[in-house]
Amino acid sequence: MLFAFLAIYLLTFLVLPVGTMILQGLTNNEGKFVADHIKLLLANPVYVESLLNSLGVAAGAAVLSAVAALPIAMVLWRYHVRPSVFIELCGFLPLFVPPFVLALSLQIFFGRGGALGMLFQSYCDLDPAILGLPSVMLIEAMHYFPLVLMTLTMTTSAYNQQAKEAASLGSGWFRLMTRVFLPLGMPGLAFGMSITFLKTLDDLATPLSLGVTNLLAPQAFLRVSAYGSQDPLSSLIATLMVVISGLAWFASIRFVRQHVAFRNASSVSASVLLSKQQMIVGITFLGGILMLYATAYAGVALTSIARIWSYTLLPESYVLSHYLTAIHSERGSFINTLAYCGFAAVLDVVVGLVMAYAIDCAPPVWKRWLTWGATGLLSVPGVALAIAYLQFFRGIEVPLINQAIDASWFLLPMAFSVRGLPFAIRACSITLQGIPASYVEAANISGRNRFRIFIKIVLPMMTVGLFVAFLLCFGLAAVDLSSAMLLIPSETNAPVSYSIYLNMQSTTGRGAGSALAILSIALVTLSLFTLLVLIRRDWKTVSSFRKFVFTGS
Amino acid sequence: MDRLAHFFSLALLVIFSADVLALESIVVASSFPKEVLVAYKKAFDERNPQYRLEFVNFPGTNIIPFLTDRTPGSRPDVFWSSSPDSFRALLRHGLLQTIGSQGNPSIPSKIGSLNIDDPDGFYKGQALSGYGIMWNTRYLSARTISPPGTWSDLVKPELFGHVVMSSPSRSGTTHLIVESILQGAGWENGWSLIIQIAGNCATITDRSFDVPNSITSGRFGVGLVVDFLALSGKYSGFPVDFTYAWPSAITPASIGLVTGARNSEGGLKFITFALSKEGQSLLLRSEISRLPVLPEIYASTDRPADYPDLFDVIKKHPSTYNPDISEARHLVVNAIFNQVVTFRHRELVDVTKAIQSAERLLIKRPHAEAGVLIDKARALIYRPPVSEKDELTTSPQLQTRAHIAAIAAREAEWARQTSKNYVSAKKLVEQALAMMQ
């Protein structure tokens, strides 16, 4: 029954729409396979260039964030500076804030109109839009850098103490770095890098806000909004994006397939006082990073309280009314985000659990292939999925409410759930593997049926893992602007990220949009803090949180 | 954890039940900025508590694919936009319902030679728009640049890197500016002017709003905009100013009822509200600053002293713009701009910069041959890739897969040619520079 539900869900919201989209690009009006559209695509140098640019920018952002994170993580590891769990959680902030906010903030702060950009304009033009393509890469790298850094420190920090002991026994730090740190950090690094790659490839609002169009996602979006979903070339570009994401995901899983043994959770030293030297290192690096991001978001923060800011170093006058406007007119979008992303994340956890269970039960030979296949197929970029939905669900009515499905909000959470599924599957399979087989066997022997075992033993042991999976899927959905931009039936149904985007399109300063962005960052930080307070009661959580991010398939 | 789960399920239940119990919604597709939409929503919802006004925001130029991608019953109820071409295109695709004589009888259906309403009653004029140039006074005076007076001023080398515009495929008002230049100055000269202006642009923005935004904040100096986007900034206290430019167009921003609307009755209610005295006076708000079509509004005293007057604007700026010509070649003009300007902006800016510096040198060190080379380079890049008489631009077609494929084939051709032209032009300018050294 559960498997039937799963099959219907995957067929309806993934296989059939994406299949239709692929066919749309490869067939002519009579439904015959033709190469005409592929020829058309290849004939235009803009599309070939967009393909190369997309690959370059996405890979560049991933490498750049890794290059920036590696030395810092190494130093922190070397000096045993372990960021607090709250700071580690803050590393996940990028998952909840759309990167175009950073792009706009940098434009405000480094553009010619104010602050640093105005100060330095006679020496150099710092406006990120002037730089074009490299700006997209830099901004995406900067946006996802905290995530990469935190996944790295979280994978490696468990072995800090042993490393120190090994070093005191005569193994040099350099040797420890190359022999211990790097192999340990690789899974975390690969995970962070693959998220950066996939999200950059799919990002629509960041390049568009910087005036960059020669990338796959903007090209597909521009074509589908100018010619409609019947346009064969946008289907082809979207197909290309599906293939690239699939391959990237596949590659990242190959990287992290080794199993990382984790220290017993109870032995994680919770409160070891840092020495003076350690404090200096910690404060320099973490404080430096904090300063960097405070500057980067200063543009948006200042705009959110500025009344008039035009070609002066700082705003001329300040008001708080933008916050009132944002709360008053856009409070619905917070509820929408909760509803869509919550719905999508719950669905993800349920489906992810079933799929993870199915993969777990499969014969060992099949296991790896199933994992790769399932996750590879599922990593469909938002633009591509939205185009597929526009084509597939055109004119289909929902029986009970008598409304066309594409005119309701329903497609948006479904798209979000499909996009979050690969992450949910991994999270669930790791959580499943963490349950000792002996408990289940013991229950079996004492005569309990499978359902009772699941309810009484398996589920309670998985609660925290599933909650983390829920949170991750929720976050990924909350910033998924690419599908929202194409699927949203009306602004009333918009999630926060799209409301920020719309409110930034104002003619009289970007006050309300900026206020909304700051509000959502504050809300996420607050939620993360609350989460921390909730989970801190049980240190096991920390371990499973860490475990979830790094262990292989 | 249990408590948390309960909280979530309760929250979801409340949200979903709220959605089911929701008021009757009216969905308006519009390309207007948030300021306009928020003001109308607030006013309309207060007066009509049984309805909930909702908006869906995208460029007016994309209305045809937006509607054809959705079957009747899934479409918005009302389309409200500054783009007259879009209304013509909707008519040709049979996507508008007639409103007939409903609306506000006090609004004249014609002012001077300008039709405010559709003669067959399919859409109504709701506000007037003129097009021109806005600038940031502080930005320009810091660089001692005098404010431009008309479109051709925007190609001056002193404005290189200080101009900003949007793309006609992403902004109905930019499409109108491009078309009014093409119709007023002629196809070849018009394109030459447009591409030269684009060469002076720091960036081509994704939506029309980004242009006034960049100017009000002082990020860039000069922008090509529809009047109200500039005036709203000016009357909200930003150091910006605006002038109508020639060749220009004065066009009505219109409102119409979509075929296949979910809620035609409610849609009509909103249209009537937008045309009523209340709806018209909202236009005078500083954050909106549009020209109402209801003459009695101009008698009101609560508008700024230098607020443009409808009749004045129409008299001073005779329109050379023909929406039928514009509509027939709508997709093609957008496609040309994208292939020649938007997707090749970096190259265009690069060559424009080279040409301008070569020309500066030419004045100091006159050189006949070098001058010829520079002229050749200009002729290569500042021209349309296709003639006005081309079949594509003269025969309006429905947006079908075949037509889209036909345009895509030509786009590929233009893109290849444009890339080559930019490379050759750069070489020509480099040769000219070498001659003058």
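**Figure 1. The buried residues of helix H14 of chain B in the predicted model.** In H14(B), the buried residues are B:His330, B:Leu331, B:Val333, B:Asn334, B:Ala335, B:Ile336, B:Phe337, B:Asn338, B:Gln339 and B:Val340, in a model that is predicted. The helix, which spans residues 330–340 of chain B, is thus mostly covered, with ten of its eleven residues buried. Within chain B, these buried residues pack against H4, helix H6 (172–185), helix H7 (187–200), helix H13 (323–328) and helix H18 (401–436), and they also pack against helix H12 (216–227) of chain A. An α-helix has 3.6 residues a turn, so residues three or four places apart point the same way.

**Figure 2. Strand E8 of chain B and the strands it pairs with.** Strand E8 of chain B, residues 163–166, is covered on both faces, with B:Val163 and B:Met165 buried on one side and B:Val164 and B:Ser166 buried on the other. In a regular strand the side chains alternate between the two faces of the sheet. E8(B) runs parallel to strand E9 (residues 201–205) of chain B, to which it is joined by four bridges, and B:Ser166 has B:Thr205 as its bridge partner in E9(B). Strand E10 (residues 222–226) of chain B also pairs with E8(B) in the parallel sense, here over two bridges, and in E10(B) the bridge partner of B:Val164 is B:Gly223.

**Figure 3. The two assigned domains of chain B and the contact between them.** The domain assignment divides chain B into domain 1, made of residues 25–128 + 251–316, and domain 2, made of residues 329–437. Taken over C-alpha atoms, the centres of domain 1 and domain 2 of chain B are separated by 37 Å. Eight residues from domain 1 of chain B and five residues from domain 2 of chain B take part in the contact. On the side of domain 1 that touches domain 2, helix H3 (63–68) and helix H4 (84–92) of chain B each supply at least two residues, and the residues of that side divide into three nonpolar, three polar and two charged.

**Figure 4. The contact between chain A and chain B.** The contact takes 62 residues from chain A and 64 residues from chain B. On the side of chain A that touches chain B, the largest share, six residues, comes from H16(A). Sorted by class, this side of chain A has 27 nonpolar, 28 polar and seven charged residues.

**Figure 5. The largest nonpolar core and the surroundings of A:Cys473.** The largest nonpolar core has 283 residues, and A:Met241, A:Ile387 and A:Cys473 are those with the most contacts inside it. Helix H16 of chain A, residues 321–361, gives the largest share of this core, 15 residues, while domain 1 (25–128 + 251–316) and domain 2 (329–437) of chain B each contribute at least three residues to this core. When residues up to four places away in sequence are not counted, A:Cys473 touches A:Ala344, A:Ala345, A:Asp348, A:Gly420, A:Phe423 and A:Ala424.

**Figure 6. A:Asp480 in the loop between helices H21 and H22 of chain A.** A:Asp480 lies in the loop between helix H21 (450–478) and helix H22 (481–487) of chain A. The residue is classed as buried because 28 other C-beta atoms lie within 10 Å, where the cut-off for a buried residue is 20 or more. Leaving out residues up to four places away in sequence, A:Asp480 touches A:Gly382, A:Phe416 and A:Arg419. From C-alpha to C-alpha, A:Asp480 and A:Gln230 are 23 Å apart in space, and they are 250 residues apart in sequence.

Figure 7. Chain A has 25 helices and four strands, and its C-alpha trace spans about 60 × 60 × 45 Å along its principal axes. A compact globule of 553 residues would have a radius of gyration near 24 Å, and the 24 Å of chain A agrees with this; buried residues make up 55% of the 553 residues in chain A. Chain B has 18 helices and 13 strands, and its C-alpha atoms fill a box of roughly 75 × 60 × 50 Å, taken along the principal axes. For the 437 residues of chain B, a compact globule would have a radius of gyration near 22 Å, and the 24 Å of chain B agrees; buried residues make up 54% of the 437 residues in chain B.

Key. Residues are numbered from 1 along each chain as its sequence is written. Chains are lettered from A and ligands numbered from 1 in the order in which they are written. This is a predicted model: local features need pLDDT of at least 70, side-chain atom pairs count only at pLDDT 80 or more; totals for chains, interfaces and linings use all residues. A residue is buried if 20 or more other C-beta atoms lie within 10 Å of its own, exposed if 12 or fewer, and partly exposed in between; C-beta atoms are placed from the backbone. Two residues are in contact if their C-beta atoms, placed from the backbone, lie within 7 Å. A nonpolar core is a set of buried Ala, Val, Leu, Ile, Met, Phe, Trp, Tyr and Cys residues joined through C-beta atoms within 7 Å. Domain bounds come from an automatic or database domain assignment. Ala, Val, Leu, Ile, Met, Phe, Trp, Tyr, Cys and Pro count as nonpolar, Asp, Glu, Lys and Arg as charged, and the others, Gly among them, as polar. The radius of gyration is taken over C-alpha atoms; the globule rule is 2.2 Å times the number of residues to the power 0.38. Two strands pair if DSSP finds at least two bridges between them.
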